[in-house]
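Reader: Could you walk me through this model, starting with a pair of helices and then moving to the sheet and the overall fold?

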Amino acid sequence: MQLAKYSMGVGDRFGREALSQLRAVMAAQARGIQVVPVWNKSNREHTIIGTEPADVRDEVTAAVMAAGYYGEYHVDADHIGLGNVDWFMEASDFFTLDVADFTGKPAAQADIDAFIARHRDLLDTPIAIDGLAAPMTVTEAEARQIAAKFLLAVQEAGKLYRHIEQAKGGADALIAEVSMDETDLPQRPTDMLFILAAIADEGIPAQTIAPKFSGRFNKGVDYVGDLAQFEREFNEDLAVIAYAVKRFALPKNLKLSVHSGSDKFSIYPIMNKAIKRFGAGLHLKTAGTTWLEELIGLAEAGGSGLAIAKKIYAAAYGRFDELRKPYATVIDIDWNKLPAPEEVNNWTTEAFTGALRHDQKCPLYNRHFRQMLHVAFKVAAELGTEYLNALKEHEAAVARNVSVNILERHILPVFG
Ligand SMILES: [Zn+2]
């Protein structure tokens with residue numbers, strides 16, 4: 001199974017927006033932007049909401065039929081490991097092999113020695129890579145350090161991949177991504193070269209690789225970091241991947257996967273320019289901001305819709321510590337910048353949607369309020385049918401916001 005050049009991972013916490021998401025993709029395709037949708041939902045998300053991988057597959061199948069969509073699409077077992085992959089096996093055809101927990105832990109010394117011996121031709125000699133300003137030179141000592149940080153993780157990815165391949169009945173039945181983004185160790189382009197060498201050694205036909213870039217990728221808000229450095233690293237990664245595909249005979253469509261945590265608007269133009277420059281593919285994975293578009297749609301509808309959006313905020317405000325805990329490393333909320341529920345309860349539709357919608361030019365926008373609601377989906381999940389009925393009642397406003405967000409704020413800036 002081969003993943004298209006441009007693909008986008010979309011999340012849908014409550015399983016109600018696949019059709020609106022698909023419509024955004026189809027609108028892009030109609031404009032000649034051939035981006036393919038991948039529905040991703042992690043183990044963590046399923047556990048918090050109480051859904052199952054099969055629910056995602058069912059929802060997506062229904063959306064595809066309802067829209068009359070004949071193009072490519074996938075369902076991603078997002079951030080899985082050996083401990084939980086079996087649950088996802090049947091419903092998924094895309095697997096994000098998350099081996100971040102194994103980074104920073106050294107492999108067996110004999111394995112590191114064998115890896116170094118196998119790749120001696122890459123060491124202590126300038127490697128000319130198209131697209132890099134200067135040849136890359138890596139000493140044996142540096143390569144050993146890289147191996148000590150990442151070889152064990154790639155070995156684990158190999159075990160996980162082989163387990164899935166066997167269960168799915170062969171390599172053609174799946175798309176494999178190797179992900180190391182949820183770690184404290186950013187991977188530089190030199191790391192990338194040796195990680196890809198190790199992936200080839202393990203025989204993993206990876207079609208996407210998700211490194212950790214430098215800078216902060218907080219959930220649902222913009223990138224925080226040095227844009228010039230990101231641009232350099234991103235371009236160098238593209239160059240290294242193109243080189244590694246040829247040198248190590250990796251799948252020709254191997255591409256970067258950016259686990260964006262959604263809405264990294266300031267780096268979107270950088271990525272757009274770079275993939276055009278290299279003719280490279282890209283997988284852009286976004287997180288749960290579709291759920292925030294649901295809230296915006298509800299608030300926009302006013303009346304009972306606005307009331308339930310306020311109710312969810314008030315409950316979330318009271319459970320700040322509990323709700324942010326599973327996301328501690330990827331959110332950054334200043335408690336003092338959160339409006340009190342008593343204040344929010346007096347807000348108009350414009351005040352609520354202005355604070356929540358990710359429009360950094362809007363003076364009402366409050367990224368703390370937005371992040372608080374981003375992690376508040378547990379509150380909505382606990383409301384159960386009350387929340388789902390509200391979505392149904394205000395379907396048109398919700399659908400409009402979900403589609404416009406994906407098409408105009410994500411697909412067009414990144415792939416257009
Ligand atoms: Zn990720």
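Reader: How are helix 10 and helix 11 oriented to each other?

Author: Happy to start there, with a word on the source: this is a predicted model, where local features need pLDDT of at least 70, side-chain atom pairs count only at pLDDT 80 or more, and totals for chains, interfaces and linings use all residues. Residues are numbered from 1 along each chain as its sequence is written. Helix 10 (residues 289-301) packs on helix 11 (residues 303-318) at an angle of about 135°, with axes 5 Å apart (axes are lines fitted to C-alpha atoms over the stretch in contact, and angles run from 0 to 180 degrees between N-to-C directions). Angles under 35 degrees count as roughly parallel, over 145 as roughly antiparallel, 65 to 115 as roughly perpendicular and the rest as oblique, so helix 10 and helix 11 are oblique.

Reader: Which residues of helix 11 do Leu295, Leu298, Ala299 and Ala301 in helix 10 meet?

Author: A contact here has C-beta atoms, placed from the backbone, within 7 Å. By that test, the four residues of helix 10 meet Gly303, Gly305, Leu306, Ile308 and Ala309.

Reader: Is strand 4 largely enclosed or open?

Author: A residue is buried if 20 or more other C-beta atoms lie within 10 Å of its own, exposed if 12 or fewer, and partly exposed in between, with C-beta atoms placed from the backbone. Phe94, Thr96 and Asp98 on one side are buried, as are Phe95 and Leu97 on the other. Five of the five residues in strand 4 (residues 94-98) are buried, so strand 4 is largely enclosed by the rest of the structure.

Reader: Which residue in strand 5 is the bridge partner of Leu97?

Author: Strands (E, at least two residues) and helices (H or I, at least four) are DSSP runs, numbered from the N terminus, and two strands pair if DSSP finds at least two bridges between them. Strand 4 pairs in the parallel sense with strand 3 (residues 74-80) over three bridges, and Ala77 stands opposite Phe95 there. Strand 4 also runs parallel to strand 5, joined by five bridges. In strand 5, the partner of Leu97 is Val178.

Reader: Is Asp184 buried or exposed?

Author: Asp184 sits in the loop between strand 5 (175-179) and helix 7 (189-201). Its C-alpha atom is 10.0 Å from that of Asp101, 83 residues apart along the chain. With 9 C-beta neighbours inside 10 Å, Asp184 counts as exposed.

Reader: What percentage of the residues of the protein count as buried?

Author: The protein has 18 helices and eight strands. Of its 416 residues, the buried share is 48%.

Note on methods: Two residues are in contact if their C-beta atoms, placed from the backbone, lie within 7 Å.
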